[in-house]
Amino acid sequence: MDTKGLSATAVAVFEAISTRRSIGRLTTECPDRDLVERVIRTTSFAPNHRHTQPWRFLVLAGDARVRGGEVLERSLVRRLEDPETPSSLEVRQSERAKFLRAPVIVIVAIEPSNAPNVSLDEETAAGAAGVQNLLLASHAVGLAAVWRTGDSVRDESVPTEFGFAPSSMIIGYVYLGYPDPGHVGKPRPDRLPIETTTRWEGWT
Ligand SMILES: Cc1cc2nc3c(=O)[nH]c(=O)nc-3n(C[C@H](O)[C@H](O)[C@H](O)COP(=O)(O)O)c2cc1C
């Protein structure tokens, strides 16, 4: 990351953005609720058109993760052709256990505004911007996080099962905790060079 000529604040921001990684191997230590609350508060500073603030959160720890896993399993059962075969029972068990991979699960949903001139894609974009804030803030305070999704996020019954309003949509599940120091992370996926992603016009 080229930080030449940048202020200390700018360097800190650039560093945080460029060193954040998805980390799924976490210890069982549960972060303080106060710390989790502080990182969640950063979501509300994300940009959102017409200031609808569509983001909503359900923060699970302890046994609540087990009940959350049961929601995932019920969703999977609705998608399985025969949920009682041995292989189905195996995938159900693995689905049910997913939320136990982190001490904290932040379920992020959007409750789209029904005001005129508000579009669902912009509400979703705002929710995603909020998640990025949450991930960066988590990284800044030494927490590890990964944004996960899966077929359950497209299951229309899931938002209400998690207690969100019926019109809500799940944006993702943020698995949060402290990084497992014994785990060597995956190599950082290559990023496309700016020459590939960006065209410049009107520059001399
Ligand atoms: C919308 C969205 C959904 C994602 N879903 C998953 C997921 O289900 N499982 C997972 O391991 N990672 C998931 N990720 C994380 C990406 O795999 C990860 O960001 C990508 O590999 C780049 O790695 P990095 O975050 O370490 O830079 C998701 C990311 C986004 C933005």
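View 1. The largest nonpolar core has 34 residues, of which Ile 105, Val 106, Ile 107, Ala 145, Val 174, Tyr 175 and Leu 176 touch the most other members. Two or more residues each come from α2 (33–41), β1, α3, β2, α5 (120–140), β3 and β4. A nonpolar core here is a set of buried Ala, Val, Leu, Ile, Met, Phe, Trp, Tyr and Cys residues joined through C-beta atoms within 7 Å. Buried means that 20 or more other C-beta atoms lie within 10 Å of a residue's own, exposed means 12 or fewer, and partly exposed is in between, with C-beta atoms placed from the backbone. In soluble globular proteins, nonpolar side chains tend to be buried together.

The model is predicted: local features need pLDDT of at least 70, side-chain atom pairs count only at pLDDT 80 or more, and totals for chains, interfaces and linings use all residues. Residues are numbered from 1 along each chain as its sequence is written.

**View 2. The whole protein chain, for orientation.** The chain has 7 helices and 4 strands, and from the N terminus they follow the pattern α-α-β-α-α-β-α-β-α-β-α. These elements are DSSP runs numbered from the N terminus: helices are H or I with at least four residues, strands are E with at least two. The C-alpha trace spans about 65 × 50 × 35 Å along its principal axes. Of the 204 residues, 27% count as buried.

**View 3. The open sheet.** Four strands line up in the order β1-β2-β4-β3, with antiparallel pairing. At the edges are β1 (55–61) and β3, each pairing on one side only. Neighbouring strands are turned by 20° against each other on average, direction ignored; axes are lines fitted to C-alpha atoms, for helices over the stretch in contact, and angles run from 0 to 180 degrees between N-to-C directions. Helix α3 (residues 64–79) lies across β1 and β2 (104–110), at about 120° to β1.

**View 4. Strand β4 and its two partners.** Strand β4 (residues 169–177) is joined to β3 by 5 bridges, and the two run antiparallel. With β2, strand β4 pairs in the antiparallel sense over 7 bridges. Strands count as paired if DSSP finds at least two bridges between them. Look for Tyr 175 in β4: Val 146 has Tyr 175 as its bridge partner, and Ile 105 stands opposite Tyr 175 as well. Because 8 of the 9 residues of β4 are buried, this strand is largely enclosed by the rest of the structure.

**View 5. The neighbours of Ala 145.** Leaving out residues up to four places away in sequence, Ala 145 touches Ile 23, Leu 135, Ser 138, Val 174, Tyr 175 and Leu 176. Touching, or contact, means C-beta atoms, placed from the backbone, within 7 Å.

**View 6. The shell around the ligand.** Around the ligand sit Arg 21, Ser 22, Gly 24, Val 146, Trp 147, Arg 148, Thr 149, Gly 150, Gly 172 and Pro 189; a residue belongs here if its C-beta atom, placed from the backbone, lies within 6 Å of the ligand. Strand β3 (residues 144–148) gives the largest share, 3 residues. By class, the shell has 3 nonpolar, 5 polar and 2 charged residues. Ala, Val, Leu, Ile, Met, Phe, Trp, Tyr, Cys and Pro count as nonpolar, Asp, Glu, Lys and Arg as charged, and the others, Gly among them, as polar.

How values were computed: Two residues are in contact if their C-beta atoms, placed from the backbone, lie within 7 Å.
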